[in-house]
Amino acid sequence: MSVRELVVLGTASQVPTRHRNHNGYLLRWDGEGILFDPGEGTQRQMLRAGVAAHDLHRICVTHFHGDHSLGLAGVIQRINLDRVPHEITAHFPRSGQRFYDRLRYSTAYRETVPLTEAPVDSDGVLASTKSYVLGAHKLSHPVESYGYRLVEPDGRRMLPERLASYGISGADVGRIQREGALGDVSLDDVSEVRRGQRFAFVMDTRLCDGVYALAEGCDMLVIESTFLDGDMQLAVDHGHLTAGQAGAVARDAGVRHLVLTHFSQRYSEPDEFERQARAAGFEGELTVAHDLLRVPVPKRR
């Protein structure tokens, strides 16, 4: 059975706390692992969460502030130490190439694994596989930042009552799926579109068009809520969102499961983030993330 879940490695913003490590998020999607924003301490958090370097297939960095990228050095060296046998691709803003290079080669180590670089410099598709299409949208932050969106291709759901009404059963079900028709009966007559799952990862940003484009129709939205609504001006000044803004985005975008994260160290009461997101009108499933949490992606509709 395929596994689709978010493994939360860290949830702190600029300054880690006793209970919150710097950022780090692993999305398990069928047989692949996509690591988002490995901040300082990510390698150790991976060990605590039972995540191995062999689980990684892509690394996606939204921007090059330290709490989102300082863990790159350790993760890359661990990939090489463990001699990961498959290709790993790194996505990051092209404007931060010099930071990526410094982190990748910050100390001496033996390179044993080819790491493919695929920098991002505009909105659009980054990669297409059988299981998903990975895209990016630019966000609004003091340094160039991109959010990531993963979309599963739509499939077909066979309708047993329709199949039975046309007398189609056994091997003929597979045949009509492969060929698109069986005699005068088309695939559309006995099936319907099964909407693919959608996941988005939105970190440091003010409200902007990119936030809404990433969140639209998502089954799971992982989004920063650095500040509470009472500190709205701080959020605007520093290029961040509040809990209420994150909830409103999820409400307007039709998100099914909202995951709030990236919390300022000034707050010690996580329940208030949920209250403010709910007050903004979000009625779907909501998780206030904590370190080492595992959150399953909602089942298909």
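Predicted model: local features only at pLDDT ≥ 70, side-chain atom pairs only at ≥ 80, totals over all residues.
Helix α3, residues 72-81, lies across β3, β4 (58-60), β5 and β6. Its direction is set at about 175° to β4.

The strands under discussion belong to one sheet. Strands of a sheet pair through backbone hydrogen bonds, and the pairing can be parallel or antiparallel. Here, 7 strands form an open sheet with mixed pairing. Their order is β6-β5-β4-β3-β2-β1-β18. The edges are β6 (115-117) and β18 (294-296), and each of these pairs on one side only. From one strand to the next, the twist averages 20°.

Strand β5 covers residues 88-91 and runs parallel to β6. The two strands are joined by 3 bridges. Within this pair, isoleucine 88 stands opposite leucine 115 of β6.

Empty space inside the model was examined next. A probe the size of a water molecule, rolled over the atoms, shows where such space is left. The count comes to 1 cavity of 30 Å³ or more. The largest cavity holds about 30 Å³ of space. Its lining consists of Arg195, Gly196, Gln197, Asp219, Arg300 and Arg301. By class, the lining has 4 charged residues, 2 polar residues and no nonpolar ones.

Key
Residues numbered from 1 in each chain as written. Heavy atoms only, no water. 1 Å grid on protein atoms, 1.4 Å probe; cavity = no way out; pocket = protein on both sides within 12 Å on 5 of 7 lines; lining within 4 Å. Points joined across faces, edges and corners; volume = space filled by probe spheres on them. Nonpolar A, V, L, I, M, F, W, Y, C, P; charged D, E, K, R; others polar. Pairing = 2+ DSSP bridges. Helix = DSSP H or I, 4+ residues; strand = E, 2+ residues; numbered from the N terminus. Axes fitted to C-alpha atoms, helices over the stretch in contact; angles between N-to-C directions. Contact = heavy atoms within 4.5 Å.
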